Amino acid sequence: MHQWKIWIQNKDLPDLVRLMRPAGPVQSLKTGMFGQKEQIMDKKRVIVVGGGASGLMAAVTAAGEGAAVTLLEHNERLGQKLNATGNGRCNFSNRKVVPDAYRGTHPEFVQEALSRFSVEDTVDFFQRLGISPVERDGYLYPRSGEASSVTQALSMEARYRKVKIKTREHVTAVEHGKGVFQVRTKGWQYEGDAVILACGSKASAISGADGSGYALAEALGHAVVRPLPALTALKCSPKGFSGWAGVRAQGEATLLVEGKKRSSQRGELQLTNYGISGIPIFQLSTYAVRALEEKKSVRLLADFLPEIPAEELEAFLRNRQRQTPYKNTRELLEGLFPGKLCKVLSAQKDLFQALKAFPLTVTGGMSFAQAQVCSGGVSTEEVNPRTMESRLHKGLYFTGELLDIDGTCGGYNLQWAWSSGAAAGRNAAIQEP
Ligand SMILES: Cc1cc2nc3c(=O)[nH]c(=O)nc-3n(C[C@H](O)[C@H](O)[C@H](O)COP(=O)(O)OP(=O)(O)OC[C@H]3O[C@@H](n4cnc5c(N)ncnc54)[C@H](O)[C@@H]3O)c2cc1C
């Protein structure tokens, strides 16, 4: 550790107040807001591996807490995936509390970090960095409409807080011995008192998403739940529904695993020549892909008229027929669905089933490159949910998607990156007495 002049903050201050203090230790001293005392003490060296959403948050937080932070990123630029989020607009959080927003072997793992760095804290934090939020049905975006403005704000804050940013540094190994971490890259070696692994997952074709964080964790003795693509379209049989390819229709999809209902999602179903896609299918995909991995039978039932209860469907159709007796079955459906879908539905033997529970057998998800996130990752059983610290190595932390946590669409994955990054950064920076 090297000597550095810093100011000691009152450690009893609530987390939020400490996070909200003006950026940079020197400024906060001068204001004297919290009755600080000047001391000479060691600065803790924190190394963050991965300059994506959670790594940037962790680095900014740790530096704000007085640590000497080095951020290692193997891409040439920081936040490449962050720049692609929300179709380039960055749905960075969500004000709606959704019961099953998070999945994983232990989805409840997220609760502590999310309550300590909440959606409100996130909005305040970004607002302080100059990112004004706009809200659409609970979904939060930067007012700029550009995800890159979020990356830039975080990068500027990190530089302002004196984070040493090293890009084109691919971390190949992390070793721990005698209370010190050695972090090896292809051409260099860094030494730290704490390491935060923020390497993300191997989802998407975006450069840098190579899944190398899993191997780093495994080499340190951590169990990794097999990563699988999540937030993906689903391949289905029977094939031959090319007739409906390209159709978008409102509906509800119910996922059955071994014949039992797992979950239902409503919204726009996108019908394709290989199966089915759209937000409701993305939300169900994590369960479907993992169940297939476990060799379980997986089926989807598509309800194309979810707003009409099954027991009222017959009367509904009879009424339509009474009003327009000259129409055949396909024509009777016109006005309810796009033409292509009317053709497919009316050709089914059982019209009721076709409308309310169109059966599809799920045969697979898409590739990692076509998925938005991964399910699986570093087992949360060996990580402290309050601090994100490893239970195997003191001073080792994990954040974001590298952990066995995946969120649904709607900003929940980035909120997890912010909350887990803030927890890891804050705790990694804490000086031992
Ligand atoms: C197309 C797309 C759209 C999305 N849209 C949204 C959205 O709107 N809202 C939302 O909430 N979520 C969205 N997500 C998910 C969200 O982007 C991720 O959950 C989030 O970025 C995860 O943060 P992270 O810090 O864990 O990982 P990342 O942001 O992926 O960061 C990991 C970083 O580590 C680097 N790295 C990895 N291994 C090494 C190594 N060995 N050495 C050095 N560096 C390394 C990587 O290059 C990367 O920069 C989207 C994902 C995709 C692919």
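Biologist: Which residue stands opposite L300 in β19?

Modeller: L255 does. Keep in mind that this is a predicted model, where local features need pLDDT of at least 70, side-chain atom pairs count only at pLDDT 80 or more, and totals for chains, interfaces and linings use all residues. Residues are numbered from 1 along each chain as its sequence is written.

Biologist: How do you know that β16 and β19 pair?

Modeller: Two strands pair if DSSP finds at least two bridges between them. Strands β16 (residues 248–257) and β19 (residues 298–303) have 6 bridges, in the antiparallel sense, so they count as paired. The names come from DSSP runs numbered from the N terminus: helices are H or I with at least four residues, strands are E with at least two.

Biologist: What sheet runs β15-β18-β17-β16-β19-β20?

Modeller: A closed barrel of 6 strands, with antiparallel pairing. On average, neighbouring strands there are turned by 45 degrees against each other, direction ignored.

Biologist: Why is α3 called roughly parallel to α7?

Modeller: The two helices pack at an angle of about 30 degrees, with their axes 9 Å apart. Angles under 35 degrees count as roughly parallel, over 145 as roughly antiparallel, 65 to 115 as roughly perpendicular and the rest as oblique. So α3 is roughly parallel to α7. Axes here are lines fitted to C-alpha atoms, for helices over the stretch in contact, and angles run from 0 to 180 degrees between N-to-C directions.

Biologist: Which residues of α3 make the contact with α7?

Modeller: L56, A59, V60 and A63 of α3 meet L154, S155, E157 and A158 of α7. Contact means C-beta atoms, placed from the backbone, within 7 Å.

Biologist: How many nonpolar residues does this contact have?

Modeller: It has 6 nonpolar, 1 polar and 1 charged residues. Ala, Val, Leu, Ile, Met, Phe, Trp, Tyr, Cys and Pro count as nonpolar, Asp, Glu, Lys and Arg as charged, and the others, Gly among them, as polar.

Technical notes:
Two residues are in contact if their C-beta atoms, placed from the backbone, lie within 7 Å.
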